Amino acid sequence: MTSRQQGRRAAVTGLGVVAPNGVGADAFWKATRQGVSVLDRISREGCTGLPLRIAGQVNGFDPQSAIDNRFLVQTDRFTHYAMAAADLAVADAGFRPDPEQPFAVGVVTAAGSGGGEFGQRELQQLWGQGPKFVGPYQSIAWFYAASTGQISIRGGYKGPCGVVASDEAGGLDALAHAARSIERGTDAVVVGAAEAPLAPYSMVCQLGYPEISLAEHAERAYLPFTEQACGFSPAEGGAMLLLEDERTARLRGASVRALLAGHAATFTGASRWEESREGLAAAIRIAMDEARVAPEEIDVVFADALGVPAADRAEALALVDALGPTAEQVPVTAPKTGTGRAYCGAPMLDVAAAVLAMEDGLVPPTPNVTKVCHDLALVTDRARPTELNTALVLSRGLMGSNSALVLRRAQP
């Protein structure tokens, strides 16, 4: 008999957020439910002269106050965000790992690009002054696995650890990976994703994406599902969650915030947005089957919302294919239009928003978007109060990954 058959279920007990619109779940949710847009001109040093003008920057975050210096000097900004968010998630859950059971807690993260800022600085030292001026941490700080490793080392978590590399959809896939560890017997998993793509080298790489928005004005830069859609604005930040077995969490008196009910992933190829319709629809169906929910039970959809006309059309049609007539009535939202698309961190921020939305009974709006050109019940102007028991979160990657996650509101 497997752990899943014995009734173990992955539950969200802690939320940690470092986002352009707020650090901490409370600040993030307040801005998200109010539809605040923080997209703005990029002000980061060395980034202002590039064609990519608009993004979501994390402001008000002091890594020195959040992270010990011995970890700070060997890590990039993307790992600073992840470590801080992990601390917030563990604290939010009131979780204290048993020092006698170090193998009972695991870590899973997803990353799209790794530590571009740290890597660029060290390569400039190599080019300008020579190999003796390159620090020893260059070998690890840029690596996409750095956040998992550093969170594990810093927290003393020696349970199942992993890194998911399935581009933007990796955020949802990491949750599925962590949930399976819980079902197999792991006590808890710190899981999520955070990105820091706003460094000169990283931004030059992103200019190769035809889907990136080069708009000059923030309010016009990221407008999915509209006739003005011209791509997406990138962002930094992300979210980490603490997952535990539901029964174990309740026994220790923890507040169970949501349940991970179903997940599925497919692949349809890089920038083949028309084909993503079939792949995304398949992922939705399989995720709903695993969650044992019918289309009419989906209360809200957190859309991928790429902002590319062909991709937006494919997503809208995928919802029709998977949900049938329900697709035109179910509330759809894309809060990321106000913060930017933080690559692997973007679906994690959507998951955090979905958990908070179910708790609050409120569908957050889609900032900056007004006139929708698809048959979607997109929530645009202001938050919509409604009872929410089941949320569907969608994500696609520029390299062709599609992922769908079903969340259920926890019952007392």
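## Basis of the model

Residues are numbered from 1 along each chain as its sequence is written, and side-chain values use heavy atoms, with hydrogens and water left out. Because the model is predicted, local features need pLDDT of at least 70 and side-chain atom pairs count only at pLDDT 80 or more, whereas totals for chains, interfaces and linings use all residues.

## Aromatic pairs

Across the whole structure, a search finds 5 aromatic pairs (ring centres of Phe, Tyr or Trp, the last by its six-membered ring, within 6.5 Å; planes under 30 degrees apart are stacked, over 60 edge-to-face, the rest tilted). One of them joins Phe-61 and Tyr-81, whose ring centres are 5.2 Å apart with planes at 65°, so the pair is edge-to-face. This pair links distant parts of the chain, with Phe-61 in the loop between strand S4 (54-55) and helix H2 (63-66) and Tyr-81 in helix H4 (residues 77-93), 20 residues apart (helices are DSSP runs of H or I of at least four residues, strands runs of E of at least two, numbered from the N terminus). Both Phe-61 and Tyr-81 are buried (under 20% relative accessible area; exposed is over 50% and partly exposed in between, with a 1.4 Å probe and protein chains only).

Trp-142 and Phe-143 also form an edge-to-face pair, since their ring centres are 5.4 Å apart and their planes at 65°. Trp-142 is partly exposed at 40% relative accessible area, as is Phe-143 at 33%.

## Helix H13

Helix H13 (residues 309-323) has 15 residues, and its buried residues include Asp-312, Glu-315 and Leu-319. After H13 comes Gly-324, whose phi is positive, near 70°.

Methods
Expected span 1.5 Å × (residues − 1).
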